[in-house]
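The following report describes selected local features of one structure, grouped by region.

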Amino acid sequence: MKSNRKIAFLTSALVLFSVIVGCANQTNLGKTSSSVDVGSFDNGIKYLVQENHFDSSKASLRLVVNTGSAVETEKQRGLAHFVEHMVFRGTENYSDGEVIKYLESIGASFGADTNAYTAFDETVYFFEIPLEKEDALENGLKMLCDFAFRAKFDQSLVDKEKNVILDELRIRLNSAEGRMSKLTHERFLENTRYAKRLPAGLEAVVKNCQSEDLFDYYNAWYRPENVSIVAVGDFDKNEVIKKIKNIYSKISRRSSLTQTIDHKLPRLSKSRAMVIQDKEFIFNYFSGVKLLPAHFVQDEKDLKEETLEALAFTIANKRLEKIAEQDETAFKGASISRSNYCRDYDMLRFVVAPWEGKELLGLEKAVEVAKTFFTLGGAKTEFNEVILSFTKSYQKALENLDKRKNASIAWNLVESALNKTHPREKRQNILFCLSLLNSLTLDELNDYILALDFDKINWDISYATGKEESFIKEEDIVSLVDETSASTSEEPQEVSQKQFKLNSLLNSGSVEQVEKYEHSQIERVKLSNNMTIYLKHSDLKKNIVQYQIFAKGGLASFEKQDFPSASIASSYAQMSGLAGLTPTELTTAFAGKHATLSYQGTLKSRQINGSASKENIPELFQLICALFQEKYFRESSWKQLINQIDEFLKQQENHPGIQFSKTYHKMITSDHYLFEDPKIEDLDQNKAKQIMNEMFSNPAEFTMVLVGDFDPQTIKSDLAKYLASIPKTSTSVESTTPQFIFPEGVVEQSIPGGVGEKSETVIVMPLKSSGVENSIGCLRNLTCMSIVLEQRLRESIRMQQGATYGIRAGYFNLLSPEVEKGYITVSYSTDPNDSKHVYELVKKEIKNLSFSKITQDELTVAKEMYAQGVKDSFKSLSGHLSDINNKLAYGEDLSKTQTLEQRLSQITLEKVQSLADKVLDLSNFVSLTQESIKQHNQVAS
């Protein structure tokens, strides 16, 4: 339901697992990890259970079914995915939607916490379970057991869900990237079973599906020996294993499965290319793919090989990044990577994004750089940089092994169950990698790089272009890739390494005032240049801090003639670098250090964000000083940025998503200039420099919030030495709130949907100033009102009507934190042939929230979901950072802190219903629908 692709974050180089074999009655296969219990029952069901007390009062449950779309017959194409949907619609013990309703009642939201995905070789269901309610964990285990073995496929519900699945299928094919993915997938997997078994399936199969068809697939493949249950959480694992045994060991064993699936590895005897023309592509790019046998790490030899590969690709990509920064480069960017694609195959992928007019030249240069590296190896300076960086990453992971959330551990155990690899102790793996990095030599790494034989790879190449007529020929692509040679240098060329050094330091500065709020454990520090700092110590991550620096006065403060240059000023600066160093030179200079900095102007503010290791806080502060005092504007970066914008503006008219967003913003802001396209002739380099200097110049305008593990005395000394040294200036950016005029009455508009077949609608209702309080308390009530609205819409429009795959309701604001200037939105997709009918249904449900009053039960569920979101946020540094920022934005007293119970007590039925009555006003709203019913014009030659 969530995705028909393998979820990217499932794979991890550091967490490695074990073959689950041997099936004695509740046989514990041995604690191959000190914290994971792995076992199985006589019927073949396996379990993997791990305690994790960092993620308190929560558990992550996964039902892993070792089957997916690859085993479907021709007449079943799409049924694996259909079954995944239908188990949520009813089992022997749970009626239609009951599972979702129960989980939401304990605070687990549908989508984020409760969902599933179907891939080629597996189907995985996942629950994130709050444990405050009695029996919540046991109920979750029972529900997943029903999913696996007691599904009911009621034909009336099957017919409803067909439209939901067809809508999901439309969404997947309604982008140029989605259509390209389907074409290239079928191409490079041809002659394998995977080629014609995309999990989304065939429209005809879905439309004609009967309940007995689903039963046939379900009974054939949802078998005990194909099922594993994963549980990670804040519990006693022995008690959880008892619960699993009680629920799962009683499932009857079945006769042996006789059908086997042969997955042959496609082998190319020579490279080949395919040109894909789809007018909705914004930028042209090449993608070369080579399928390799899947690589699973089972021992230290495998782990060493995986680490060497990661080191090699990191150096190669750094070289490509450096070339892309140069003045007359032929490509915007290029990269090489390896990732798991499905059960049997890994994908080696080489991507090149050339500049317009330099397509083949860009591809040739990128191929030459890559072949040179893989022919000659890396240089000493490159080797030293990557060793330092990897060592730092492993050390951070080691320090925070006990600070992991349930979900990350659970997904790693899912990989164990799927790949049948031995669970290895993560600490042991990290220590091995650190030892390897400490002893590894450049010669050893280069021997590995040269042995990869990159120059001999036969590539399956696709070229994606938005041009209706492409001058690029397939034979030209193939000959260029195959015949381009490495540079003729006899040995790797040493890379010059520049040091980061501030020329402007140091003016004398000091900490002028320190105030500690004992109740909230926040310190307020005032510097001599009037910059204000809020510090909060937290050990959620050892030796790590996160921060945000902000000031009022954003892009909306600039007049119409200056706004185009203002809107790209921060992009220009970030592409250029800092203190005389380009972005890649900065990365090299900070190798082995953790200090990150990104910055931007929003409509209402200027922001700087990032993180750092405890020991690299001085380096972080120096980077911030460089942003204020030593900006670096490169001519080449300006040219590249202008070229990118020019390419985008030329092609964007063909992109329906961009046109939808532009039209939408124009409608709700009355064609405000902030949402107009810039004209290239209006983009002034000197003006962009001037504006960037104005926006990030005067420290007195800025407030910093920093949360994490730091030494209170040392950080004050560093603040005085570095941030207080930034001189206060007279420069300021006036904080201006633009006046967005929302149309009066009802405004309904439809725009073309581009190629494909789709209908997407958004309905926007403005919050009226009268009666809508500008406070964080009002925002919480709006959040709960939106949750209730979304639940009602999903129940009616999706569950009862089967009209849409996804429907969303929520609050958003272009001008945060002014609550009263926000909007309530409802968005959904549907069958374009039924869009008018669905539109009327959606409006009816919006009205009903006023006429059919919100019940106390509905509000209780919404508050539970809101509460779980708050609890989850406080398990991360970013959550604490956001909480302090919100309090500052709404003028709350930082010396006081509200408990969650106090926050919840302020969310009342009366307040939420009053908001619904005021803001869900269908006498004044805007709706925008984008739809098309026609065949797409994508051509693969």
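## Lys843 in helix α24

Lys843 is buried, with a relative accessible area of 15%; buried means under 20% relative accessible area, exposed over 50%, and partly exposed in between (1.4 Å probe, protein chains only). Lys843 lies in helix α24, residues 835-851. Helices (H or I, at least four residues) and strands (E, at least two) are DSSP runs, numbered from the N terminus. Leaving aside neighbours within four places in sequence, Lys843 is in contact (heavy atoms within 4.5 Å) with Glu748, Ile763, Leu922 and Phe925.

The model is predicted: local features need pLDDT of at least 70, side-chain atom pairs count only at pLDDT 80 or more, and totals for chains, interfaces and linings use all residues. Residues are numbered from 1 along each chain as its sequence is written, and side-chain values use heavy atoms, with hydrogens and water left out.

Strand β14 (residues 460-465) is largely enclosed by the rest of the structure, because six of its six residues are buried. Burial extends to both faces of β14: Asp460, Ser462 and Ala464 lie on one side, and Ile461, Tyr463 and Thr465 on the other.

Two strands pair if DSSP finds at least two bridges between them. Strand β9 (residues 272-277) pairs with β14 in the parallel sense over six bridges, and Val275 stands opposite Tyr463. In contrast to this parallel arrangement, β10 and β14 run antiparallel and are joined by five bridges. Here Ser287 has Ser462 of β14 as its bridge partner.

## The largest cavity

Four cavities of 30 Å³ or more are present in the structure. On a 1 Å grid over the protein atoms alone, a cavity is a set of points where a 1.4 Å probe fits but cannot get out, and lining residues have an atom within 4 Å of a point. Grid points are joined across faces, edges and corners, and a volume is the space filled by probe spheres set on the points. The largest cavity has a volume of about 90 Å³. Two or more residues of its lining come from each of β10 (285-293), β12 (345-354) and α10 (359-376).

The lining consists of Phe286, Ser287, Gly288, Phe350, Val352, Leu363, Val367, Lys371, Phe454, Trp459, Ile461 and Val481. By class, nine of these residues are nonpolar, two polar and one charged; Ala, Val, Leu, Ile, Met, Phe, Trp, Tyr, Cys and Pro count as nonpolar, Asp, Glu, Lys and Arg as charged, and the others, Gly among them, as polar. Ser287, which lines the cavity, is also the bridge partner of Ser462. Ile461, another lining residue, is one of the buried residues of β14.

Glu523 is placed in strand β16, residues 522-527, and counts as buried at 14% relative accessibility. The side chain of Glu523 makes a polar contact of 3.0 Å with the side chain of Lys716. A polar contact is a pair of N or O atoms within 3.5 Å; within protein, one must be able to donate a hydrogen and the other to accept it, and residues adjacent in sequence count only if both atoms are side-chain atoms. Apart from neighbours within four places in sequence, the residues in contact with Glu523 include Val514, Ile533, Leu535 and Pro712. Lys536 is 13 residues from Glu523 along the chain, and their C-alpha atoms are separated by 6.5 Å.

Asn530 is found in the loop between β16 and β17 (532-537). Its phi is near 75°, a positive value in a residue other than glycine. Asn530 is partly exposed, with a relative accessible area of 30%.

## Further backbone features

Ala579 also has a positive phi, of about 50°, although it is not a glycine. Ala579 occupies the loop between α16 (563-576) and α17 (583-589) and counts as buried at 15% relative accessibility. The peptide bond from Ser816 to Pro817 is cis, with omega near 15°, and Pro817 is in the loop between β24 (807-812) and β25 (823-829).

## The β19–β20 hairpin

A hairpin joins β19 to β20 through three residues.

Conventions:
On a 1 Å grid over the protein atoms alone, a cavity is a set of points where a 1.4 Å probe fits but cannot get out, and a pocket is an open set with protein on both sides within 12 Å along at least five of seven lines; lining residues have an atom within 4 Å of a point.
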